[in-house]
Amino acid sequence: DKSDGVTVTAFDLRVPRPNREPVIDMPALHTLEHLGATYFRNSNVAEKVVYFGPMGCRTGFYLLLFGEWTSHVIAFCDFVINFEGDIPGVSAIECGNFSEQNLPMAKYYAQKYRKALSENKNFSYPM
């Protein structure tokens, strides 16, 4: 979308096909949210991030960036796939539901989405 000369790119990061595949389980969705916030806050586009957050339907995430930055979607997937260690922000002080996390499933969904992107270069998810 372009308004007043400013471009905002909205990514609809769908992982399972809506109404055709099971939704993302809550612990994996929560882990992806924590890793997405960590990645985008620390990336070279941190100043360009408008919003990153889960869809209520649990089929993926919304990512809004100033400008056009499709390569960062792939970089985010790679960050999750290669992530090792403690999930950032997992404490009672930092998170309202810190105990619900699932890194192996978060990696599974990131790999699934990454594969779909590599097979579909125009960044549209086949329905």
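Is Tyr 51 buried, partly exposed or exposed? Tyr 51 is partly exposed, with a relative accessible area of 40%. Here buried means under 20% relative accessible area, exposed over 50%, and partly exposed in between (1.4 Å probe, protein chains only). Tyr 51 sits in strand S3; strands are DSSP runs of E with at least two residues, helices runs of H or I with at least four, both numbered from the N terminus.

The model is predicted: local features need pLDDT of at least 70, side-chain atom pairs count only at pLDDT 80 or more, and totals for chains, interfaces and linings use all residues. Residues are numbered from 1 along each chain as its sequence is written, and side-chain values use heavy atoms, without hydrogens and water.

Phe 52 is buried, as is Phe 76. Leaving aside neighbours within four places in sequence, Phe 52 is in contact (heavy atoms within 4.5 Å) with residues including Leu 13, Phe 40, Leu 63 and Phe 76.

The structure holds nine aromatic pairs. Rings of Phe, Tyr and Trp (its six-membered ring) pair if their centres lie within 6.5 Å; planes under 30 degrees apart count as stacked, over 60 as edge-to-face and the rest as tilted. Tyr 39 and Phe 79 form a tilted pair, 5.4 Å centre to centre with 45° between the planes. Tyr 39 belongs to helix H1 and Phe 79 to helix H2, 40 residues apart. The ring centres of Phe 52 and Phe 76 are 5.5 Å apart and the planes stand at 70°, so this pair is edge-to-face. Phe 52 lies in strand S3 and Phe 76 in helix H2, so the pair ties together parts 24 residues apart in sequence.
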